[in-house]
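Could you open the model in your viewer and keep the selection tool at hand? We will walk through it stop by stop.

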Amino acid sequence: MTEDRAVTAGRVLRVAGASEHNLRDVDVEFGSGLTAVVGVSGSGKSSLAFDTVHHEARRRFLQTLSLGSPWLRMPPARVRRIDGLGPAVAVEQNSLNRNPASTVATSTGLHPFLRILFARFAEVACPSCGRQVRALSDEERVAAALAAGPGPVEVPLVRGVEGRHARLLALLADRFGPDAVTVDGAMWTGRAPVAGRSHDITVRIGRLPAGAAAGEVRAALAAADALGCPEVLVAGVPLLRAPVCPGCGAWVPRLRPADLRDPP
């Protein structure tokens, strides 16, 4: 059993203070595996399973996706606390679907939400070179930079562009110093590259020390963004603020929910 499966197998769902409908401050625990909620008619089985547990799971799921207007958000269930709750789907016992190609996701209406999850969190690869492309938010870039550890903060200004780039190299050397500029992976020697060939130019704008604070990382990323490049290298790790391939520089369109096709 893998670690993830072990954690899932040992998960306990704890409900404290459920008060939906005819429930009165009910505390209950659900262990891993199959659990049946039984009782006489009117005892609160549906109020506990559907109106409390499933309702709260669905509400948290929709709130995570931030769908719709704030005025259309689902109200929380009348419960004091629920621990160990994950995404949930409810399948009606009398649901009838005669389409042989249907799945649990399509028959229960979950498929549109899976398409949204796919569009937001799927790994996207460049169709030209196969490199992974993922545009990060400002806070995600800060977290990724902190995880990358101490190291140089570099900006790849030119990638695979023909020319001598003499004026650009002179400006970079004047502002950051000749030893901060690399051409085709080697420190610039002061001579312009050979014309008629494709070249890569990277400039080092600073270095993150060990134990750098989040404020230092934000300042370094802001200085890198000021150069107008959508990519920043922190300790050699590419951080993208736009969906541009770090390998070939191709623009990779963002995924849309419609890109995940419905089953035939």
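This is a predicted model: local features need pLDDT of at least 70, side-chain atom pairs count only at pLDDT 80 or more; totals for chains, interfaces and linings use all residues.

Residues are numbered from 1 along each chain as its sequence is written, and side-chain values use heavy atoms, with hydrogens and water left out.

**Stop 1: the hairpin**

Show strand 10 and strand 11 (residues 237-240), which pair in the antiparallel sense over four bridges; two strands pair if DSSP finds at least two bridges between them. Strands here are DSSP runs (E, at least two residues) and helices likewise (H or I, at least four), numbered from the N terminus. The two strands form a hairpin with two residues between them, and A235 in the turn has a positive phi of about 55°.

Now look at the side chains of strand 10: E231 and L233 point one way, V232 and V234 point the other way, and all are buried. Buried means under 20% relative accessible area (1.4 Å probe, protein chains only). Strand 10 also pairs with strand 6, in the antiparallel sense over two bridges, and V234 is the bridge partner of V153.

**Stop 2: the largest core**

Select V181, I201, L208, V217 and V234, the residues with the most contacts inside the largest nonpolar core, which has 24 residues. Such a core is a set of buried Ala, Val, Leu, Ile, Met, Phe, Trp, Tyr and Cys residues joined through side-chain atoms within 4.5 Å. Elements that each supply at least two residues of this core include helix 5 (138-148), strand 6 (151-162) and strand 9 (198-208). Helix 7 gives the most, with four residues.

Which residues surround L208? Leaving aside its neighbours within four places in sequence, L208 is in contact with A145, P150, G151, V153, E216, V217, A220 and V234; contact means heavy atoms within 4.5 Å.

**Stop 3: two polar residues inside**

Go to R141 in helix 5. R141 is buried, with a relative accessible area of 3%. Its side chain joins that of D225 in a polar contact of 2.6 Å. A polar contact is a pair of N or O atoms within 3.5 Å; within protein, one must be able to donate a hydrogen and the other to accept it, and residues adjacent in sequence count only if both atoms are side-chain atoms. Not counting residues up to four places away in sequence, R141 touches residues including L221, V232 and L239.

Next, select H165, in the loop between strand 6 and helix 6. H165 is buried too, with a relative accessible area of 17%. The H165 side chain reaches the backbone oxygen of V161 at 3.0 Å. Beyond residues up to four places away in sequence, H165 touches V158, H199 and I201.

**Stop 4**

Finally, colour the open sheet of three strands, with order 2-1-3 and antiparallel pairing. Strand 2 (26-30) and strand 3 (81-83) stand at the edges with a single partner strand each, so one side of each is left without a neighbour in the sheet. Strand 1 (residues 13-18) and strand 2 pair over four bridges, and L13 stands opposite F30.

Note on methods:
Buried means under 20% relative accessible area, exposed over 50%, partly exposed in between (1.4 Å probe, protein chains only).
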